[in-house]
Amino acid sequence: MISVKNLGFVYQGGKSAALDGINIEIADGDFVGITGTSGAGKTTFTFALSGIIPQKIKGDFYGAVTVDGVDTAVHPAEEFARKVGQVFQDIDSQMVASVVEDEILFGLENFGVPYEEIAKRVDRVLKDLGIEDLRDREIEGLSGGQKQKVAIASILALEPEVIVLDEPTGELDPESSREIFKILTDLNREKGITVIIVEQKIMLLCEYVKHMMVLDKGKIAFYGTPGDMASSIDTFKDLGINVPRVTELSASLISEKIYDGEVTLTVDEAEKMVRRILK
Amino acid sequence: MNLLNYVPGDSFLHKLNPVTKLLAAFLYGIAAIICGNVFAEVGLIILMILISATCGIAKRAILLTRNLFFLGLIMFVIQLFFVRDGEPLAVIGGFVLFTTGGLKSALLLSLRVIAAMLPLMLLFAITQMNDLCNALVKRLHLPYRYAFIVTTAFRFVPIFATEFHDIQDAQKARGVDFDTKNIFRKIGLVAPLCVPLLVSSLKKVDVSAMSAEMRGFELRGYKSGYKEYPFGVRDLVTVAVLVALIAITALWGA
């Protein structure tokens with residue numbers, strides 16, 4: 001379980017707090033989507049979960065973040081990676097090798113995973129992400145989606161309990177973005193890995209995540225299931241975040257007493273709703 | 001085409017231990033340096049191109065030779081005017097422009113530069129940078145830190161190139177015309193781009209360092225590498241052949 005208590009952070013030389021009084025508990029096996037306008041503190045929050053803040057990036061740190069009771073501010077961040085894996089926003093610069101296999105090997109070698117175990121894990125993560133055919137390819141020649149899968153694979157090989165991703169679909173086309181979410185959902189469901197993802201594409205979040213968090217100026221502006229969004233549509237509008245049109249539609253149909261079901265989060269659900277109303 | 005990119009292959013030289021490849025390139029360079037005969041030097045260059053052909057990189061070798069030729073030309077000009085022994089060869093108004101000794105040593109030195117550098121540059125065509133560094137760490141216990149610096153530097157070249165083009169495109173979109181023939185004007189236009197390039201590069205390097213650290217970079221020792229780089233008979237043969245080459249050039253080519 002991840003427990004965040006009164007988390008605050010001010011970057012060195014920063015004028016205002018990047019994070020301010022964050023309180024949240026994330027259960028094991030949860031799938032949390034984080035969204036918010038730029039500068040809302042999304043990246044900073046992910047850094048706090050993996051211990052990069054305050055260990056690698058200096059600043060004023062308040063509160064406490066613990067993962068299974070281990071304090072991220074105290075436990076050495078480089079070892080912590082085996083518990084909380086971090087996929088960075090910049091796809092290209094987070095790579096450390098030029099060939100896919102070497103990239104996945106890097107962490108395994110460093111943490112001294114036994115020789116026989118390494119081969120098994122490399123095979124497994126390549127299979128899990130469906131990139132067996134990329135094994136000997138140069139990373140430079142891969143597409144954005146493929147690179148992102150390699151980045152996720154290299155973290156997954158360390159078998160973390162939590163994987164934190166910062167806008168992994170930022171540079172991807174809709175098709176590949178959806179694919180990344182599907183992979184993460186499978187990992188979450190089948191291996192029970194807790195997934196925490198920063199994402200701007202709200203449609204994708206609504207469709208795949210279990211909980212949504214909206215950050216605004218370093219504070220939590222909304223936290224709940226995607227279904228809870230319906231009652232906070234005005235909050236979202238104030239923050240400049242687009243709620244999926246199907247959700248907005250169903251919410252207004254419900255408030256107008258035309259429809260008496262649940263709010264819809266996907267186009268498929270909306271289609272069913274419209275058909276029911278028309279009957 | 002990037003002249004330092006890896007070209008995958010399955011040849012005898014491809015299969016050598018990366019450490020042997022590096023040593024072989026150095027030994028070939030030594031042969032070129034001790035060689036004191038213009039024809040033997042040309043022979044070494046041709047031999048190197050022929051060796052490249054066995055790894056399917058003959059075209060690359062010829063292109064590299066051509067590029068190195070310009071470097072050789074600079075060395076040639078410098079030597080030509082600064083080495084003054086032998087008979088005067090070109091005299092203008094009583095002033096000896098250059099001599100036979102100058103011409104001979106200029107020719108030799110420029111060819112020597114090409115012959116010595118060619119194998120080192122071709123090394124990258126048949127060796128993955130990662131393999132070379134991992135092998136150096138594993139077999140020669142080179143500190144991983146240094147190996148990482150070298151691989152990272154190589155890896156970032158294309159990334160920075162892309163970044164540079166992006167910045168240049170952004171400038172073009174605002175009406176800056178980079179297509180000028182005047183070299184000074186071109187430098188003047190490109191120079192200001194160095195600041196944004198430097199800033200974004202530093203950011204990228206920062207992420208790279210953080211990503212490496214978060215995956216246990218600090219914990220790595222020379223034993224950490226997963227891949228083994230054993231020496232085999234072919235490595236022994238290669239080194240023996242190159243030692244013989246040095247002996248031959250020392251005996252007959254000096």
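Reader: Why is A:Ser231 called exposed?
Author: A:Ser231 has 11 other C-beta atoms within 10 Å, so it is exposed. This is a predicted model, in which local features need pLDDT of at least 70 and side-chain atom pairs count only at pLDDT 80 or more, while totals for chains, interfaces and linings use all residues. Residues are numbered from 1 along each chain as its sequence is written, and chains are lettered from A and ligands numbered from 1 in the order in which they are written.

Reader: Where does A:Ser231 lie?
Author: The loop between β10 (219-224) and α9 (233-239) of chain A holds A:Ser231; helices (H or I, at least four residues) and strands (E, at least two) are DSSP runs, numbered from the N terminus. From A:Ser231 to A:Ala251 there are 20 residues in sequence, and their C-alpha atoms are 7.9 Å apart in space.

Reader: How do you know that β9(A) and β10(A) pair?
Author: Strands pair if DSSP finds at least two bridges between them, and strand β9 (residues 211-216) of chain A is joined to β10(A) by 5 bridges in the antiparallel sense. Within this pairing, A:Met213 stands opposite A:Tyr223. The two strands form a hairpin with 2 residues between them, and A:Lys217 in the turn has a positive phi of about 50°.

Reader: What is the strand order in the open sheet of 4 strands in chain A?
Author: The order is β2-β1-β4-β5, with antiparallel pairing. β2 (19-26) and β5 (70-71) are the edge strands, since each pairs on one side only. Inside the sheet, strand β1 (residues 2-11) and strand β4 (residues 59-67) run antiparallel and are joined by 8 bridges, with A:Val10 opposite A:Asp60.

Reader: What makes the phi of A:Asn6 worth a remark?
Author: Most residues other than glycine have a negative phi, and most peptide bonds are trans. A:Asn6, a residue other than glycine, has a positive phi near 50°; A:Asn6 is found in strand β1 of chain A and, with 11 other C-beta atoms within 10 Å, is exposed. A:Glu167 also has a positive phi, near 40°, and lies in the loop between β7 (162-166) and α7 (174-191) of chain A.

Reader: Is A:Glu167 buried or exposed, and how do you know?
Author: A:Glu167 has 22 other C-beta atoms within 10 Å, and is therefore buried.

Reader: How do you know that the peptide bond between A:Ile53 and A:Pro54 is cis?
Author: Its omega is about 5°, and the bond is accordingly listed as cis. A:Pro54 lies in helix α2 (residues 52-55) of chain A.

Reader: What is the largest nonpolar core, and which residues have the most contacts inside it?
Author: A nonpolar core is a set of buried Ala, Val, Leu, Ile, Met, Phe, Trp, Tyr and Cys residues joined through C-beta atoms within 7 Å. The largest has 83 residues, and A:Ala48, A:Ala153, A:Ile163 and A:Ile196 have the most contacts inside it. Helix α6 (residues 144-156) of chain A gives the most to this core, with 6 residues. Another core, of 28 residues, lies apart from it and includes B:Ala32, B:Ala40, B:Ile51 and B:Ile114.

Reader: How many residues of chain A are in contact with chain B?
Author: Contact is counted if two C-beta atoms, placed from the backbone, lie within 7 Å; 27 residues of chain A are in contact with 23 residues of chain B. On the side of chain A that touches chain B, α4(A) gives the largest share, 7 residues.

Reader: Why is chain B called more spread out than a compact globule?
Author: The radius of gyration is taken over C-alpha atoms, and the globule rule is 2.2 Å times the number of residues to the power 0.38. For 254 residues the rule gives 18 Å, whereas chain B has 23 Å, well over that value, so chain B is more spread out than a compact globule. The C-alpha trace of chain B spans about 65 × 60 × 30 Å along its principal axes, and buried residues make up 31% of its 254 residues.

Terms used
A residue is buried if 20 or more other C-beta atoms lie within 10 Å of its own, exposed if 12 or fewer, and partly exposed in between; C-beta atoms are placed from the backbone.
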